[in-house]
Amino acid sequence: MKRLARHIMKVLILLVMTTTQAQVDSDSINARRRAIDYFCMEATSLMEQERLDEAFEMIEHSLALDPASTELKFQLIPYHMALGNDSTVRCLFEEIIEEEPGNEIYNYGYARFCQENGERKKAIAIYEKFLGSPLTEYE
């Protein structure tokens, strides 16, 4: 009986420790999400004020907190476009589309980017891959 009681006590202690750790992890995730949201709001405000360098830094701070975020990588694209960093834009689009191949916004954005940069065939290939069917070309 004492052995069973000790075993139950150990299980309860482990359960409490696990719950506490889960709560700490949850709080940490929430704090990180709030920081990311703050940096993104600041970036938007700075972009509206045409303070691109500072806005870019805010998005990079967010990305440092969540380096795997395709959403944050996508938010970097307008800054690189404004700076004329076409190769970086292309790399960012390809990276986020690889992570989220079904995301309509990312695919559409990349196809438009290619189209606007004179890469019509690449744009058509992106549309076809995303839509799953060939497009009819109109000359």
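In this structure, D86, V89, R90, F93, E94, I96 and I97 of helix α4 meet Y106, N107, G109, Y110 and F113 of helix α5, where contact means heavy atoms within 4.5 Å. By class, this contact of α4 with α5 has seven nonpolar, two polar and three charged residues; Ala, Val, Leu, Ile, Met, Phe, Trp, Tyr, Cys and Pro count as nonpolar, Asp, Glu, Lys and Arg as charged, and the others, Gly among them, as polar. The model is predicted: local features need pLDDT of at least 70 and side-chain atom pairs count only at pLDDT 80 or more, while totals for chains, interfaces and linings use all residues. Residues are numbered from 1 along each chain as its sequence is written, and side-chain values use heavy atoms, with hydrogens and water left out.

**Helices α4 and α5**
- The axes of α4 (residues 86–99) and α5 (residues 104–116) come within 10 Å and cross at roughly 150 degrees; axes are lines fitted to C-alpha atoms, for helices over the stretch in contact, and angles run from 0 to 180 degrees between N-to-C directions.
- Helices here are DSSP runs (H or I, at least four residues), numbered from the N terminus.
- α4 and α5 are therefore roughly antiparallel to each other, a term for angles over 145 degrees.
- The crossing in which α4 passes α5 is left-handed, that is, the near helix is turned anticlockwise from the far one by less than a right angle.

**Helices α5 and α6**
- α5 packs with α6 (residues 120–131) at an angle of about 165 degrees, and their axes are 7 Å apart.
- This pair, α5 and α6, is therefore also roughly antiparallel, and α5 passes α6 in a left-handed crossing.
- From α5, the residues E104, N107, Y108, Y110, A111, R112, C114 and Q115 meet R120, K122, A123, I126, Y127 and F130 in α6.
- The contact of α5 with α6 comprises eight nonpolar, two polar and four charged residues.

**Helix α3**
- In α3 (residues 70–82), the buried residues are T70, L72, K73, L76, I77, Y79 and H80; buried means under 20% relative accessible area with a 1.4 Å probe, protein chains only.
- The N-terminal end of α3 is capped by S69, which has a side-chain oxygen 3.4 Å from the backbone nitrogen of E71.
- G84 follows α3 and has a positive phi, near 75 degrees.

**Residue S62 in helix α2**
- S62 is found in α2 (residues 52–65) and is buried, with a relative accessible area of 0%.
- Not counting residues up to four places away in sequence, S62 touches I36, F39, C40 and L72; L72 is also one of the buried residues of α3.

Terms used
Helices (H or I, at least four residues) and strands (E, at least two) are DSSP runs, numbered from the N terminus. Angles under 35 degrees count as roughly parallel, over 145 as roughly antiparallel, 65 to 115 as roughly perpendicular and the rest as oblique. Buried means under 20% relative accessible area, exposed over 50%, partly exposed in between (1.4 Å probe, protein chains only). A polar contact is a pair of N or O atoms within 3.5 Å; within protein, one must be able to donate a hydrogen and the other to accept it, and residues adjacent in sequence count only if both atoms are side-chain atoms.
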